[in-house]
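Hello,

Here is the structure I said I would hand over. Please open it first, then read my notes below.

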Amino acid sequence: MSIIRYPDEEPSDEEMEYGLQTLKNNRPDYIITHECPASVNMRLYPDSYFLNNNSTLQYMERVLWQCEEMGITPEWYFGHHHREWEWENLHCKYSALEEII
């Protein structure tokens with residue numbers, strides 16, 4: 001169970017579906033989001049199930065799965081955690097950004 005502090009900031013089901021359709025139609029080289037996929041968040045916070053169990057993280061994981069299914073390997077930038085961090089796997093290169101200037 002997760003707590004949503006600002007429910008209006010969570011994407012609606014329609015917005016999430018639109019995002020997946022946009023991904024399918026455009027095959028991007030880059031993905032820029034506030035949050036990262038749940039599997040990447042688990043690498044940032046491996047001991048915290050609570051931090052890895054919310055709808056936005058799970059949706060971002062669906063985006064990652066869609067990238068895998070499409071055979072694309074975009075660079076993924078996200079800034080939620082306000083720290084510099086990079087990790088690369090077979091599917092994406094992830095970069096957490098401390099600050100965007």
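Of the 101 residues in the chain, 34% are buried. Keep in mind that this is a predicted model. The chain exposes about 7000 Å². Carbon and sulfur atoms supply 51% of that area.

**Overall layout**

The chain has three helices and four strands. Along the sequence they follow the pattern α-β-α-α-β-β-β. Take the contacts in the chain with a separation of 6 or more: 56% of them come from residues 24 or more positions apart.

**Helix 1**

Start with helix 1, which covers residues 13-26. It has 14 residues and reaches 20 Å from its first C-alpha to its last. That is close to the 20 Å expected at 1.5 Å a residue. Which residues of helix 1 are buried? They are Met16, Leu20 and Leu23. Seen down the axis of helix 1, these buried residues fall within an arc of 60°, so they line one face of the helix. An α-helix has 3.6 residues a turn, so residues three or four places apart point the same way.

The other side of helix 1 has exposed residues: Glu14, Tyr18, Asn25 and Asn26. What covers the buried residues of helix 1? The cover includes strand 1 (30-33) and helix 3 (55-70).

Look just after helix 1, at Arg27. Arg27 sits in the loop between helix 1 and strand 1. Its phi is near 45°, a positive value in a residue other than glycine. Most residues other than glycine have a negative phi.

**Helix 3**

Helix 3 has 16 residues. At 1.5 Å a residue it should span 22 Å, and its end C-alpha atoms are 23 Å apart, which agrees. Its buried residues are Thr56, Leu57, Tyr59, Met60, Glu61, Val63, Leu64, Gln66, Cys67 and Met70. After helix 3 comes Gly71, with a positive phi near 75°.

Gln66 deserves a look. It lies in helix 3. Is Gln66 buried or exposed? Gln66 counts as buried, because its relative accessibility is 12% and the cut-off for buried is under 20%. Setting aside residues up to four places away in sequence, Gln66 touches Leu20, Leu23 and Lys24. How far apart are Gln66 and Leu20 in sequence and in space? They are 46 residues apart in sequence and 7.6 Å apart in space, C-alpha to C-alpha.

**The nonpolar core**

The largest nonpolar core has 18 residues. Those with the most contacts inside it are Leu23, Ile31, Cys36, Tyr59, Val63, Trp76 and Phe78. Which elements give two or more residues to this core? They are helix 1, helix 2 (38-44), helix 3 and strand 2 (75-78). Helix 3 gives the most, with seven residues.

Leaving aside neighbours within four places in sequence, Ile31 is in contact with Leu23, Val63, Cys67, Pro74, Glu75, Trp76 and Tyr77. One of these, Tyr77, is found in strand 2. Tyr77 counts as partly exposed, at 22% relative accessibility. Tyr77 and Ile31 are 46 residues apart in sequence. In space they are 6.2 Å apart, C-alpha to C-alpha.

**Cysteines**

How many disulfides does the structure hold? It holds zero. A disulfide is a covalent bond between the sulfur atoms of two cysteines. Cys36 is buried, with a relative accessible area of 0%. Cys67 also counts as buried, at 0% relative accessibility.

**Where to look**

See the buried face of helix 1, with Met16, Leu20 and Leu23. See Arg27, with its positive phi. See Ile31, one of the residues with the most contacts inside the largest nonpolar core.

Best wishes

Definitions and conventions. Residues are numbered from 1 along each chain as its sequence is written. This is a predicted model: local features need pLDDT of at least 70, side-chain atom pairs count only at pLDDT 80 or more; totals for chains, interfaces and linings use all residues. Side-chain values use heavy atoms; hydrogens and water are left out. The expected span of a helix is 1.5 Å times one less than its number of residues. Buried means under 20% relative accessible area, exposed over 50%, partly exposed in between (1.4 Å probe, protein chains only). The arc is that of the directions from the helix axis to the C-beta atoms. Contact means heavy atoms within 4.5 Å. Accessible areas come from the Shrake-Rupley method with a 1.4 Å probe; for residues, only the protein chains shown count as cover. A disulfide is a pair of cysteine sulfur atoms within 2.5 Å. A nonpolar core is a set of buried Ala, Val, Leu, Ile, Met, Phe, Trp, Tyr and Cys residues joined through side-chain atoms within 4.5 Å.
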